[in-house]
Amino acid sequence: MRRLKQGAALAVATVAALAGTLAAGSPAMAASTPIGACGSSYHVIDQHDLGKATVYLLYNGTTNCVVTWKDSPNSTYVNAVIRAGGWAWVADPGNYSTYAGPVKLSAKGQCIQWGGNYGSTLYTSPSEHCG
């Protein structure tokens, strides 16, 4: 009887160890909000509706962050873009299931343009949010 109890205890310990290994080895979870995608120190300062997605501009006091967030998961093309001072766009295009981005840019003393796509619906801001 004692040997049976030891065997059962060993089996439970093995299952627990394997479960811990699987949990530790799983990929990171995707963000559940635009703030979660950029980081907890960010806050939304602007947004634009694309119909079935929304482009968010967030800021943390030093860095701008753009995320294009879908209303529901799907395979439609999305993109998030940002640039400062007329320089090249920083972009994250793809057929992501939930959101594109984050794209981040520090632009102290400059105006930025930001935007994104959901399918063929595009938004690009004027030069704004200067600082």
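## Aromatic pairs

Trp114 and Tyr123 are both buried, where buried means under 20% relative accessible area, exposed over 50% and partly exposed in between, taken with a 1.4 Å probe and protein chains only. This is a predicted model, in which local features need pLDDT of at least 70 and side-chain atom pairs count only at pLDDT 80 or more, while totals for chains, interfaces and linings use all residues. Residues are numbered from 1 along each chain as its sequence is written, and side-chain values use heavy atoms, with hydrogens and water left out.

Rings of Phe, Tyr and Trp (its six-membered ring) pair if their centres lie within 6.5 Å, and planes under 30 degrees apart count as stacked, over 60 as edge-to-face and the rest as tilted. By this rule the count comes to 2 aromatic pairs. In one, the rings of Trp69 and Tyr99 have centres 4.6 Å apart and planes at 5 degrees, so the pair is stacked. This pair links distant parts of the chain, with Trp69 in strand S3 (residues 64–70) and Tyr99 in strand S6 (residues 99–105), 30 residues apart; Trp69 and Tyr99 are buried. The rings of Trp114 and Tyr123 have centres 5.4 Å apart and planes at 65 degrees, so that pair is edge-to-face.

## Secondary structure and sheet

The protein has 2 helices and 8 strands, which follow the pattern α-α-β-β-β-β-β-β-β-β along the sequence; helices (H or I, at least four residues) and strands (E, at least two) are DSSP runs, numbered from the N terminus.

An open sheet of 4 strands has the order S5-S4-S7-S8 with antiparallel pairing, two strands being paired if DSSP finds at least two bridges between them. Strand S5 (90–91) and strand S8 (121–124) stand at the edges with a single partner strand each, so one side of each is left without a neighbour in the sheet. S4 and S5 run antiparallel and are joined by 2 bridges, and Val81 stands opposite Ala91 in S5.

## Asn79 in strand S4

Asn79 is found in strand S4 (residues 78–84) and counts as buried because its relative accessibility is 8%. Leaving aside residues up to four places away in sequence, Asn79 touches Thr68, Ala91, Asp92, Pro93, Ala100, Gly115, Gly116 and Asn117, a contact meaning heavy atoms within 4.5 Å.

## The protein as a whole

Buried residues make up 34% of the 131 residues in the protein. Among contacts between residues at least 6 apart in sequence, 44% join residues at least 24 apart.
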